[in-house]
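Subject: Handover of a structure for your review

Dear colleague,

Please find below the structure that I am handing over to you. My notes on what was found in it follow directly after.

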Amino acid sequence: MQTTSQLHPTYYFSSRSSIRSNGRMKLRDDGHAYAPVIEEDINTNHAPSSEPETFFSKWSPPKYLWRGLSVLVLAGQVIIRTLKGKVHWRNTLQQLERVGPKSVGVCLLTSAFVGMAFTIQFVREFTRLGLNRSVGGVLALAFSRELSPVVTSIVVAGRIGSAFAAELGTMQVSEQTDTLRVLGSNPVDYLVTPRVIASSLALPFLTLMCFTVGMASSALLADSVYGISINIILDSAQRALRSWDIISAMIKSQVFGMIISIVSCAWGVTTMGGAKGVGESTTSAVVISLVGIFMADFALSYCFFQGAGDSLKNCV
């Protein structure tokens with residue numbers, strides 16, 4: 001005779017079973033029936049969204065676009081803060097020493113060799129035409145209007161602009177700029193404005209010194225190698241130059257200094273990605289600064305020197 005436990009199957013309610021059931025009994029391997037717990041399928045993915053997705057909700061601006069806008073925003077902040085007198089003058093003097101006196105050597109050396117290279121080309125061609133007295137005037141105009149401000153700005157962009165971008169980029173990735181905000185200091189007043197003012201003030205004087213050294217090296221080379229007297233070179237340069245030529249060079253160099261400092265600082269404060277991002281920002285800042293220098297040089301030259309020139313008519 002079978003016992004009651006044998007006549008009536010034992011029911012096991014197991015909560016560890018992962019088998020879905022529709023409420024019916026299932027048999028195990030040992031012949032006993034069990035009722036698995038029914039799991040409710042809760043799907044929250046089908047819940048209707050409160051805000052419809054649009055194209056602009058998933059779109060993020062390209063890096064070059066928002067960095068370019070940051071240059072304009074930073075330039076506006078620098079102008080406004082400077083007009084309000086909120087400038088950290090001690091830091092400005094430190095940056096002025098760094099941009100000016102510490103950059104004199106490399107700028108003068110570069111200008112001297114550029115001047116001698118151009119002298120070789122001008123003297124060779126002008127001698128064949130019998131225009132030895134025009135060499136000094138042509139060199140003076142070339143140096144004052146184009147070579148001195150552009151060459152000086154290129155050297156400063158490579159030396160100072162890269163340093164600005166690297167410093168501010170390192171401070172940005174290490175959250176030092178956030179620390180300045182916590183301490184109650186505006187990073188624009190403490191970091192950006194002093195660098196812009198220092199570059200704008202130092203570049204014109206560096207350009208004037210580079211013009212002087214470039215003309216001196218050209219006159220020495222023409223006298224020692226090609227037999228054209230230094231007096232002839234200097235007299236021709238004096239006849240060709242106008243006061244506006246020197247003023248335009250100073251204005252150009254000041255604009256170039258602002259471009260270098262603002263672009264480098266903007267690229268620095270928008271750095272992301274640690275040490276790799278700092279390196280990329282430094283390289284990109286120098287490249288963009290050089291492109292900006294060449295574009296501004298064309299625009300300023302087109303505005304300053306229009307129509308037919310008559311500067312060399314007194315040198316022939």
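**Salt bridges**

Arg-239 counts as partly exposed because its relative accessibility is 44% (buried means under 20% relative accessible area, exposed over 50%, and partly exposed in between, with a 1.4 Å probe and protein chains only). Asp-235 is likewise partly exposed, with a relative accessible area of 32%. Both Asp-235 and Arg-239 belong to helix α9 (residues 230–240), where they stand four residues apart, about one turn of the helix. Their side chains meet in a salt bridge of 3.0 Å, N to O (a salt bridge is a side-chain nitrogen of Lys or Arg within 4 Å of a carboxyl oxygen of Asp or Glu). Helices (H or I, at least four residues) and strands (E, at least two) are DSSP runs, numbered from the N terminus.

Before the remaining findings, a word on the source. This is a predicted model, in which local features need pLDDT of at least 70 and side-chain atom pairs count only at pLDDT 80 or more, while totals for chains, interfaces and linings use all residues. Residues are numbered from 1 along each chain as its sequence is written, and side-chain values use heavy atoms, with hydrogens and water left out.

By the rule above, the count comes to nine salt bridges. One of them joins Arg-81 to Asp-189, with the closest N and O atoms 2.5 Å apart. This pair links distant parts of the chain: Arg-81 lies in helix α3 (residues 63–83) and Asp-189 in helix α8, 108 residues apart. Arg-81 and Asp-189 are both buried.

A further salt bridge is formed by the side chains of Arg-98 and Glu-167 (2.5 Å, N to O). It too links distant parts of the chain, with Arg-98 in helix α4 (residues 89–99) and Glu-167 in helix α6, 69 residues apart. Glu-167 is partly exposed, since its relative accessible area is 28%.

**Overall fold**

The protein chain has eleven helices and two strands. Along the sequence, they follow the pattern α-β-β-α-α-α-α-α-α-α-α-α-α. Of the 316 residues of the chain, 40% count as buried.

How many cavities of 30 Å³ or more does the structure hold? There is one. On a 1 Å grid over the protein atoms alone, a cavity is a set of points where a 1.4 Å probe fits but cannot get out, and lining residues have an atom within 4 Å of a point. Grid points are joined across faces, edges and corners, and the volume is the space filled by probe spheres set on the points.

**Surface patch**

Val-287, Ile-288, Val-291 and Met-295 make a nonpolar surface patch of about 340 Å². Patches are made of residues with over 30% relative accessible area and no salt bridge; like charges are joined within 9 Å, and nonpolar side chains (Val, Leu, Ile, Met, Phe, Trp, Tyr) within 5 Å. Accessible areas come from the Shrake-Rupley method with a 1.4 Å probe, and for residues only the protein chains shown count as cover. Val-287 is found in helix α11 (residues 274–304) and is partly exposed, at 44% relative accessibility.

**Individual residues**

Glu-280 is also placed in helix α11 and is partly exposed, with a relative accessible area of 40%. The C-alpha atoms of Glu-280 and Gly-169 are separated by 9.8 Å, although these residues are 111 apart along the chain.

Ile-160, in helix α6, counts as buried because its relative accessibility is 1%.

Finally, Glu-175 lies in the loop between α6 and α7 (176–182). Its phi is positive, at about 65°, although Glu-175 is not a glycine. Most residues other than glycine have a negative phi.

With kind regards

Conventions
1 Å grid on protein atoms, 1.4 Å probe; cavity = no way out; pocket = protein on both sides within 12 Å on 5 of 7 lines; lining within 4 Å.
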